[in-house]
Amino acid sequence: MENQHDIAPRMPTPRSSRPPPQKSEQVVDLERYVPAFLTWIANKLSRGASQHYLNVFDVGIETWRCLVLLAIEGRISAHKASKVIGMDKASISRTFKSMQLRGLITFSLDDEDGRLRLANLTKKGRELHDQIIGVALERERAFLSVLSGAERETLIGLLKRLHENLPAVEQATERYVARKFPGARTRARVGSDENED
């Protein structure tokens, strides 16, 4: 019987030495899968920003995003804010309600459509926006500091093109699902228009 001290401890197999997946197994290459990078970057940026905004200004990232739109537009509907930001309309409505309770916005009816409620930025809301924007721009400056000026312009142009191409992504996904999974239940298209309120 071997002495226990003579037996080398069994170490876990390093990730790099694990056998590669069989050819029939399809996996995502996380070193090159663009949606993963975009998701990771967005999630980490949002989490960091939200923590600072909560600590310093007692507002979350959702409130800041709405403040940004309202500072640009002056007033905006929950439906339009939802389409621009990409949050669902129910989340925007909850954020608007919280902002109203804090005196950051008021509501009025649209001049052309009396049924449409618009959020209006108050003086207090504008002052809060003007305080937070310095932190937001400093985060952007630090984030892009590894790029040259030309690289930043290229990145912005590429991101705009990718953003504009999102409808094509949904259409391609619907076609693929219909072809590969014909029995799948049909759901409303992601990002489809809803009735404004």
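This is a predicted model: local features need pLDDT of at least 70, side-chain atom pairs count only at pLDDT 80 or more; totals for chains, interfaces and linings use all residues.
Trainee: How are helix 2 and helix 3 oriented to each other, parallel or perpendicular?

Mentor: The axes of helix 2 (residues 61-73) and helix 3 (residues 78-85) come within 11 Å and cross at roughly 110°. Angles of 65 to 115 degrees count as roughly perpendicular, and the two helices are therefore roughly perpendicular to each other.

Trainee: Which element gives the most residues to the largest nonpolar core?

Mentor: This core has 24 residues, of which Tyr-53, Leu-70, Phe-96, Met-99 and Ile-132 touch the most other members. Among the elements that give two or more residues are helix 1, helix 4, strand 3 and helix 5. The element that gives the most, with six residues, is helix 2.

Trainee: With which residues is Ile-132 in contact, leaving aside its neighbours within four places in sequence?

Mentor: Ile-132 belongs to the core residues that touch the most other members. With those neighbours left aside, its contacts are Tyr-53, Phe-57, Val-59, Trp-64 and Leu-67.

Trainee: Is Asp-58 buried or exposed?

Mentor: Asp-58 lies in the loop between helix 1 and helix 2, and its phi is near 60°, a positive value in a residue other than glycine. Exposed means over 50% relative accessible area, and because Asp-58 has 52%, this residue is exposed.

How values were computed: Residues are numbered from 1 along each chain as its sequence is written. Side-chain values use heavy atoms; hydrogens and water are left out. Axes are lines fitted to C-alpha atoms, for helices over the stretch in contact, and angles run from 0 to 180 degrees between N-to-C directions. Helices (H or I, at least four residues) and strands (E, at least two) are DSSP runs, numbered from the N terminus. Angles under 35 degrees count as roughly parallel, over 145 as roughly antiparallel, 65 to 115 as roughly perpendicular and the rest as oblique. A nonpolar core is a set of buried Ala, Val, Leu, Ile, Met, Phe, Trp, Tyr and Cys residues joined through side-chain atoms within 4.5 Å. Buried means under 20% relative accessible area, exposed over 50%, partly exposed in between (1.4 Å probe, protein chains only). Contact means heavy atoms within 4.5 Å.
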